[in-house]
Amino acid sequence: MDNLPKALLLDLDDTILDSYSDPDMAWLQLCREFAGSLGDVTAEELQPAVMQARDWYWSDMERARLGRLHMLQARRGILLRALAAFNVPDSPLVTRMGERYNQIRVEAMRPFPGAIEMLRQLKKTGILLGLLTNGNAEMQRAKIERFSLAGYFDHIQIEGELGIGKPDERAFRHALSALGAEPAEAWMVGDNLEFDIRGAQQVGIYAVWVDTQGRGLPDGTTVRPDCIIRSLSDLGKFIIRD
Ligand SMILES: [Mg+2]
């Protein structure tokens, strides 16, 4: 494929926004801030337990889906599991930790360098742009508002608002229908191999994987993106200039 299609669907987190690039450090910061209030456990002991609980939490598709829609509950679930290993019971402190973790993540969130400029250029080409993001309606809307993203998109679709998220094929079909495009006339660009890439390909959309870390396809994955780029800015090479 050399030219941009009629419609382009874009993921938000870790495609346009640098949202989760270093979660382990954010958890460590949280553990350091709260270790003194938790009794006989140090931040360095707690953080690995939180990482284990985090991986366990997001490993189940249904638990993850509910967690994305109720992020504070997800954070609390992770923390409770980790703290149980140190006999720390549930208390309002755990909720405060969950809220503080969300705050740390939100404060660190930024558009990737060049991402907003790329949106501006794409918009100028007249291509139809759709934002297709999973997660809680309020949180995702807040990000769109904070970084003034709404003006670039002809259609904004949030899992928490529609009630359907990626990789469900209905999410892709709904977005295409809103834009008036067929699967063969559309690309999906995103960082998540299962949700963005496999999800789009199952309905016949050309899928562009953003390999933000530059690590290549992970061992063992059966997902094969149609195209791999390092950042959103790389889409510039598909824009015809005259
Ligand atoms: Mg993403």
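Reader: Which helix is Met-71 in?
Author: Met-71 sits in helix α4. Keep in mind that this is a predicted model.

Reader: Is Met-71 buried, exposed or partly exposed?
Author: Partly exposed: Met-71 has 18 other C-beta atoms within 10 Å. A buried residue would need 20 or more.

Reader: And what does Met-71 touch, leaving out residues up to four places away in sequence?
Author: Asn-102, Asn-136 and Met-139.

Reader: How far is Met-71 from Leu-235?
Author: Their C-alpha atoms are separated by 31 Å, and the two residues are 164 apart along the chain.

Reader: OK, on to packing. What's the angle between α4 and α5, and how close do the axes come?
Author: The α4 and α5 axes cross at roughly 120 degrees and come within 9 Å. The two helices are therefore oblique to each other.

Reader: Which hand is the crossing of α4 and α5?
Author: Right-handed. On the α4 side the contact uses Met-71, Leu-72, Arg-75, Arg-76, Leu-79, Leu-80 and Leu-83. From α5 come Val-94, Thr-95, Met-97, Gly-98, Glu-99, Tyr-101 and Asn-102.

Reader: How does the contact of α4 with α5 split by class?
Author: Eight nonpolar, three polar and three charged residues.

Reader: What about α2 against α4, what angle and spacing there?
Author: Helix α2 covers residues 43-58 and helix α4 covers 71-84; they pack at about 130 degrees with axes 8 Å apart. So α2 and α4 are oblique to each other, and the crossing is right-handed.

Reader: Which residues of α2 and α4 meet?
Author: From α2 you get Leu-46, Ala-49, Val-50, Ala-53, Arg-54, Trp-56 and Tyr-57. They meet Ala-74, Gly-77, Ile-78, Leu-79, Arg-81 and Ala-82 of α4. By class, the contact of α2 with α4 has 10 nonpolar residues, one polar and two charged. Leu-79 of α4 is in this list and also in the contact with α5.

Reader: Now α1 and α5, what's the geometry?
Author: Helix α1 (residues 23-34) packs on helix α5 (residues 92-108) at about 135 degrees, with the axes 10 Å apart. That makes α1 oblique to α5. Their crossing is right-handed.

Reader: Who makes the contact between α1 and α5?
Author: Ala-26, Gln-29, Leu-30, Glu-33 and Phe-34 on α1, with Met-97, Arg-100, Tyr-101, Ile-104, Arg-105 and Ala-108 on α5. The contact of α1 with α5 counts seven nonpolar, one polar and three charged residues.

Reader: Changing topic: where is Ser-59, and is it buried or exposed?
Author: Ser-59 is in the loop between α2 and α3. With 9 C-beta neighbours inside 10 Å, Ser-59 counts as exposed. From Ser-59 to Pro-111 the C-alpha distance is 27 Å, at 52 residues apart in sequence.

Reader: Zooming out, how many helices and strands does the chain have?
Author: 10 helices and eight strands. The radius of gyration is 19 Å, close to the 18 Å the globule rule gives for 242 residues, so the chain is as compact as a globular protein of that length.

Reader: What box do the C-alpha atoms fill?
Author: Roughly 65 × 35 × 30 Å along the principal axes.

Reader: Last one: what share of the chain is buried?
Author: Buried residues make up 33% of the 242. As for contacts between residues at least 6 apart in sequence, 63% join residues at least 24 apart.

How values were computed: Residues numbered from 1 in each chain as written. Predicted model: local features only at pLDDT ≥ 70, side-chain atom pairs only at ≥ 80, totals over all residues. Axes fitted to C-alpha atoms, helices over the stretch in contact; angles between N-to-C directions. Helix = DSSP H or I, 4+ residues; strand = E, 2+ residues; numbered from the N terminus. Parallel < 35°, antiparallel > 145°, perpendicular 65-115°, else oblique. Left-handed = near helix turned anticlockwise from the far one by under 90°. Contact = placed C-beta atoms within 7 Å. Nonpolar A, V, L, I, M, F, W, Y, C, P; charged D, E, K, R; others polar. Rg over C-alpha atoms; globule rule 2.2 N^0.38 Å. Buried ≥ 20, exposed ≤ 12 C-beta atoms within 10 Å, placed from the backbone.
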